Every structure is written in C-alpha cells, then in structure tokens.
Amino acid sequence: MQTFAEELEALRAEGLYRSMRVIRGAQGSRVELDGKQVLMLCSNNYLGLADHPSLRSAAVFGVAFGVGSGASRLVSGNMELHERLETRIAAFKGTEKALVFNSGYAANTGIISALVGRGDAIFSDRLNHASIVDGALLSRANSHRYAHRDTDALERLLREKGGKGRRLIVTDGVFSMDGDIAPLGKLVQLARQYDALLMVDDAHGSGVLGATGRGTAELSGVMDGIDIHMGTLGKGFGSFGAYAAASSTICEYLVNKARSFIFSTSLPPAVLAASIAAFDLVDSAEGQGLREKLARNVALFKERLAAAGLDTMGSETQIVPVFVGPAEATMEFSRRLLDEGIFVQGIRPPTVPAGSCRLRCTVMATHEPAELEAAAETIAKVGRELGVI
Ligand SMILES: Cc1ncc(COP(=O)(O)O)c(C=O)c1O
C-alpha cells in the first residue's frame with residue numbers, strides 16, 4: 001500500500017500536484033497574489049459583484065440579524081431572509097418555488113440523490129461538473145453518461161436504458177471547463193418525449209446570459225421547459241450558496257428528502273442579504289450594463305486570442321479555455337503568465353481528460369478592454385515561446 005506522502009510525490013512527478021495561492025484584499029479584476037499585483041483572469045466573479053458596494057452594504061445589514069443561523073432550516077435555522085431570498089429566486093426564474101442550498105456542490109449532490117434512487121436512471125452529459133457526477137453516485141440510480149452535447153447518443157440511451165423507474169436528464173447549462181452551452185432546446189424535447197425530468201445546472205449562466213440574465217434557459221428560449229433550474233450564488237451573483245427553482249411539489253419533496261439540505265446548518269444572514277441584493281442588481285439597468293460590457297469584453301478577448309492562432313476550444317461564453325494538451329506544459333504556461341503579471345489557472349486531470357489540459361481564462365465585466373488586449377498579447381507571446389502555437 002502506498003503511503004500518503006508517496007501518493008503526493010507521485011502526483012508531483014505527473015505534474016498533477018495541487019496547491020493554493022493567497023489573495024490579499026478583496027476579489028477584483030486586479031488582485032494582490034502572494035504579494036504581487038496581477039490581473040485576475042481566473043475568477044467566476046463575472047460581473048464583479050463579489051466586491052460591489054450594494055452587496056457589501058446588504059451584507060452589513062444582514063449582520064444586524066447575527067452572524068450565524070444556529071441550526072438547519074428544519075430545526076430552527078429558517079430565518080425570514082431565507083424565505084425572502086427564495087421568493088426572489090422563484091420570481092427571477094419564473095417558477096412556483098425555490099429552495100436555497102449551502103453551495104452548488106451541496107445542491108447537486110442533494111437534489112440528484114433525492115430525486116432518483118435505486119432502479120431509476122440518470123442521463124448525464126460526459127462533461128458535467130463533478131458535483132453532478134457525485135450526486136449520481138450517491139443516488140445509486142443507474143447512471144448513463146452520453147457524449148458531450150450529443151443528443152442522438154442521449155436519445156439512444158433513453159430508448160434503450162429507460163427501465164420502469166424515474167428518469168432524470170441532467171446537464172450543465174454552460175460547461176465549466178469548456179465554456180460551451182448545452183443544447184437545451186433539444187433536451188427539453190427529449191425530456192418530454194421520453195417522460196424524463198430535466199435538470200439544468202446553470203452555475204455559469206445565471207445572472208450573465210440571456211436578454212435579462214436569466215441564463216442559458218432564457219438564451220435558448222426554454223425557461224418553462226426545465227423541471228429543475230439549479231444555480232449558484234457564488235459566481236455571477238458574487239455571493240455564496242445555491243438553489244433549486246422548480247414546482248412547489250419538487251421543492252417540498254426536496255425539503256423532505258435532500259440530505260444536504262436537511263442535515264446542514266443553513267446559510268447565515270449576511271450571505272442571504274447579499275444574495276438578495278445581487279438579484280436586485282442583476283435585474284437593474286446597472287446589471288444590464290455589466291452584462292453588455294462582459295459580452296463586449298469576451299468578444300474582444302477571443303478575437304485577439306484567435307488572431308494569434310490560439311485554440312479556444314469552441315467557447316461560447318465568458319469561460320475561455322486556451323488549449324495546451326500535456327499537464328506539465330500547461331502548468332509551465334500558467335507559471336510563466338504569473339511571472340508576467342497574469343493569474344490564470346492550468347486545468348488538468350481529473351478535472352478534464354488527460355491530453356486536453358488547458359488554461360481556463362475567465363473574462364469579467366470589470367476588466368478594461370486594454371487589459372484584455374494586453375493579456376491576450378502576453379498569452380500569445382508565452383504560447384509561442386512554449387511551442388503551443
Ligand atoms: C457547473 C458547476 N456546478 C456546481 C458547482 C459547485 O458550486 P459551488 O462552488 O457553489 O459549490 C460549480 C463550481 O464550483 C460548477 O462549475
């Protein structure tokens with residue numbers, strides 16, 4: 001049996017060792033990282049709300065209700081602010097109800113393992129987030145993974161593997177490491193045709209995509225076709241937590257069955273108040289302006305990378321991967337960019353398949369166009385030096 005230390009050494013040898021870096025000060029488009037000023041190009045704080053004055057003051061208001069909620073929702077931790085946030089989310093998504101979870105990871109593992117179990121079937125895109133994969137494992141349902149965005153493959157599985165139990169199709173709205181979008185129109189049609197529930201994890205689309213920021217479902221014109229809208233509050237919304245927006249029955253069912261909801265202390269008041277303020281902001285003219293600036297920034301950044309001959313792997317959103325291939329070269333790329341004052345993480349297995357390592361760049365509304373142009377130029381320069389282009 002290998003010792004823990006030997007396993008860690010093996011990870012280092014394969015270029016797969018992970019460690020954390022320290023940010024001093026608030027999250028912004030520029031940060032102090034391990035004592036050095038750098039351009040932030042790997043945060044999911046897409047609209048810059050994590051440090052927005054309205055969210056800060058809302059959090060301070062929330063502290064008036066104390067710093068902790070004291071218990072899980074079903075014991076004594078259900079505060080007025082939880083209910084207010086859920087009403088706000090349901091109105092935003094146009095569903096009967098919403099239920100808040102403590103994180104996206106907790107939401108996916110809790111929702112999936114509650115809705116399906118032994119004898120049921122899950123149909124999951126091969127590139128879905130790890131929390132969906134873990135939710136499927138926990139559920140003990142038969143899990144069928146279809147090739148990425150391949151609705152023909154999904155239909156074959158639905159035809160052949162359905163069984164008599166419940167069926168759940170689950171997909172990321174925006175794929176977190178590729179930045180492409182699920183074919184939601186076709187998924188809605190297949191869910192109806194094969195009597196399956198459809199759950200969309202819109203962690204990276206909500207607040208950001210669609211004419212009014214409702215996310216990938218709005219962008220695809222299928223807001224009403226999705227049974228469970230899952231979303232997170234720690235990315236575009238700049239706060240923390242997650243939710244399921246769905247029918248009253250499904251939310252009531254989750255209150256009774258989702259173990260990550262039942263057996264965990266609920267979110268604290270300051271976080272809830274900040275999240276409510278985030279929805280107000282996303283719905284405001286300022287929010288609209290931020291989304292428009294983000295879209296312009298994304299177009300500019302991608303255009304500069306493509307002009308330099310870099311492969312952005314079919315990204316359709318603010319998540320812009322730059323394909324490298326091997327793990328060691330990807331990490332060297334990321335180190336060299338940090339020397340140049342750009343903070344981008346290299347993404348390796350097990351997050352992405354071996355041989356498809358990449359830099360995962362994320363564009364923010366609070367980046368200045370000139371910063372993104374300069375960053376693209378530096379990425380291209382380092383890419384040429386490393387033989388990636
Ligand atoms: C698609 C997707 N779903 C769920 C999560 C988990 O959300 P959270 O960070 O709130 O746990 C993430 C990222 O962290 C994600 O990218």
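**Figure 1. Packing of helix α7 with helix α8 in the predicted model.** Helix α7 (residues 151–161) packs against helix α8 (residues 184–193) at an angle of about 10°, and their axes lie 11 Å apart. Axes here are lines fitted to C-alpha atoms, for helices over the stretch in contact, and angles run from 0 to 180 degrees between N-to-C directions. The two helices α7 and α8 are therefore roughly parallel to each other, a label given to angles under 35 degrees, whereas those over 145 count as roughly antiparallel, 65 to 115 as roughly perpendicular and the rest as oblique. From α7 the contact takes in Thr-151, Leu-154, Glu-155 and Leu-158, and from α8 it takes in Lys-186, Leu-187 and Leu-190; two residues are in contact if their C-beta atoms, placed from the backbone, lie within 7 Å. The contact residues of α7 with α8 divide into four nonpolar, one polar and two charged, where Ala, Val, Leu, Ile, Met, Phe, Trp, Tyr, Cys and Pro count as nonpolar, Asp, Glu, Lys and Arg as charged, and the others, Gly among them, as polar. Residues are numbered from 1 along each chain as its sequence is written. This is a predicted model, in which local features need pLDDT of at least 70 and side-chain atom pairs count only at pLDDT 80 or more, while totals for chains, interfaces and linings use all residues.

**Figure 2. Packing of helix α2 with helix α12.** Helix α2 (residues 53–63) and helix α12 (residues 269–282) have axes 7 Å apart and pack at an angle of about 145°. Residues of this contact include Ala-58 and Ala-59 of α2 and Ala-273 and Ala-277 of α12. In the contact of α2 with α12, 14 residues are nonpolar, two are polar and none is charged.

**Figure 3. The four-stranded sheet.** An open sheet with mixed pairing is formed by four strands in the order β1-β2-β3-β12; helices (H or I, at least four residues) and strands (E, at least two) are DSSP runs, numbered from the N terminus, and two strands pair if DSSP finds at least two bridges between them. At the edges stand β1 (23–24) and β12 (342–343), each with a single partner strand, so one side of each is left without a neighbour in the sheet. Strand β3 (residues 36–40) and β12 run parallel and are joined by two bridges, with Met-40 opposite Phe-343 in β12.

Figure 4. Five residues lie between the strands in the hairpin of β1 and β2, where Gly-25 takes a positive phi near 90°. Strands β2 and β3 pair over four bridges in the antiparallel sense, and Leu-33 stands opposite Lys-36 in β3. The hairpin of β2 and β3 has two residues between the strands, and Asp-34 takes a positive phi near 45° there.

**Figure 5. The three-stranded sheet.** Three strands form an open sheet in the order β11-β14-β13, with antiparallel pairing. Its edge strands, β11 (319–325) and β13 (345–347), each pair on one side only. Neighbouring strands of this sheet are turned by 30° against each other on average, direction ignored. Strand β13 is joined by three bridges to strand β14 (residues 357–362), and the two run antiparallel; the bridge partner of Gly-346 in β14 is Leu-359.
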